[in-house]
Amino acid sequence: MKSVYINSVGSISVQKTYESNNFLEEIVEYNDTVIPAQDPNYKDYIPPAAARRMAKGIKMGIVASKMALQDASLEQVDAIITGTGMGCLRDSEKFLSNILDNDEQYLTPTPFIQSTHNTVGGQIALELQCKGYNFTYVHGSNSFESCLIDAKLQLEQNEAQNILVGGVDEIGEHTVKLLKLVGQIKTEPVNSSELLLSNTKGVVFSEGANFFVFSNQQQASSYAEIVGVDIFNTLPIESVSNTAESFLKDHNLSVNDVDLVILGNNGDVRFDDFYNTLTSGIFKETQQAYYKHLSGEFHTASSFGFWLAANILKAQSLPKVVKLNDKNTSQFKNILLYNQFCGENHSFTLLRKC
Amino acid sequence: MDALKQELKENIIEQLNLEDMTPADIADDDMLFGDGLGLDSIDALELIVMLDKNYGIKLTDPKEGRTIFESINTMAAYITEHRSK
């Protein structure tokens, strides 16, 4: 069975992560409840004739994937695996609004064509002329991790050598209204540096795209090895610590072997205890980090956490802005990521220095 | 007729998301498809819906579109003759 490596990264997020030399050195701060991703110059990556039909999610996905390919010095991959929690929301909203506004008449094709969840994966394939395996996972906040499992299995079995894998979600105006109505989005603006101190219900909602090239061939420029991924649709809070220990044991590790634990805390007072049980429990003496004050929350926000972990392992440095406690470590070998959303769709991901 | 041509140019730019274009960039006799504006088959469907919605014209024979959508001039002439609203 072959090992699986992260050979490249590409990120569009609330931060200026599209600048390749900016590993969270310049931080974009906000004081809001909904925060859009920073736009690169899309025209540098997508021909205007194609871009005019693309909503932001598609553009972000294509640019992040092109950045990842460029970083891997590849022009083609064997497969494309995309994760998205909500799909192409803007075109879905436009299409449905047209149905209502025009009494089911005069429906135009573009928003319908572009509204499906697998539009991003399809458009990336069209751009690359990639006729290989193309799959999109839609599984709430485990959408990206489902991609990881699929890609890892294929690469381990040598069914593919290079796979483009990513998570993407975009903000939709009407969906934001609905999420506010049901209390999923915070009612009061929160300063990014004080997200975990907000003590309020809901999240700061956002968007982004993070793509990677995974390979079973290590390069000198590889970021990290993907050691393990496990997902759980439901997991009682009292089982989180045992499950983390069991996950580590499956990979012949214990809590003491983890150099850094990266958590998906989003400042939602209803569900952050899932993380707190780890930070004040088995990982009390471990260096801890968080990232959703930088990325905002969306169903594939964990792909930003994955991007962060990959960069930390390659750079062997932890940006001060993501530190959650005052513990320090001399080197980063094993990083454990844990994420959940609204108490559901839990994931544990283990990355190792390579 | 000139007002209709201006309206068509504005609607085409908006409907087809022709970013970076203004009505002044489209001449009345520019080819809309092929070597002109470079519109494609999806745009043709958008234009058919636009004719129906804005002018009450239903194109039953798609082949008609080829001549109607040749340029702003041909579109304006067809709309003037067949519009029901």
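D103(A) sits in the loop between α3 and α4 of chain A. The model is predicted. In it, phi of D103(A) is near 55°, a positive value in a residue other than glycine. Most residues other than glycine have a negative phi. D103(A) is exposed, because 7 other C-beta atoms lie within 10 Å and the cut-off for exposure is 12 or fewer.

Helix α3 of chain A covers residues 89-101, 13 residues in total. From its first C-alpha to its last, helix α3 reaches 18 Å. This span is close to the 18 Å expected at 1.5 Å a residue.

Several residues of α3(A) are buried: L89(A), R90(A), D91(A), S92(A) and K94(A). These buried residues pack against three helices of chain A, namely α2 (56-71), α4 (109-113) and α7 (173-181).

S73(A) belongs to the loop between α2 and β3 (79-83) of chain A. Helix α2 is one of the partners of the buried residues of α3(A). S73(A) counts as exposed because it has 11 C-beta neighbours inside 10 Å, and 12 or fewer is the limit for that class.

How values were computed: Residues are numbered from 1 along each chain as its sequence is written. Chains are lettered from A and ligands numbered from 1 in the order in which they are written. This is a predicted model: local features need pLDDT of at least 70, side-chain atom pairs count only at pLDDT 80 or more; totals for chains, interfaces and linings use all residues. Helices (H or I, at least four residues) and strands (E, at least two) are DSSP runs, numbered from the N terminus. The expected span of a helix is 1.5 Å times one less than its number of residues. A residue is buried if 20 or more other C-beta atoms lie within 10 Å of its own, exposed if 12 or fewer, and partly exposed in between; C-beta atoms are placed from the backbone. Two residues are in contact if their C-beta atoms, placed from the backbone, lie within 7 Å.
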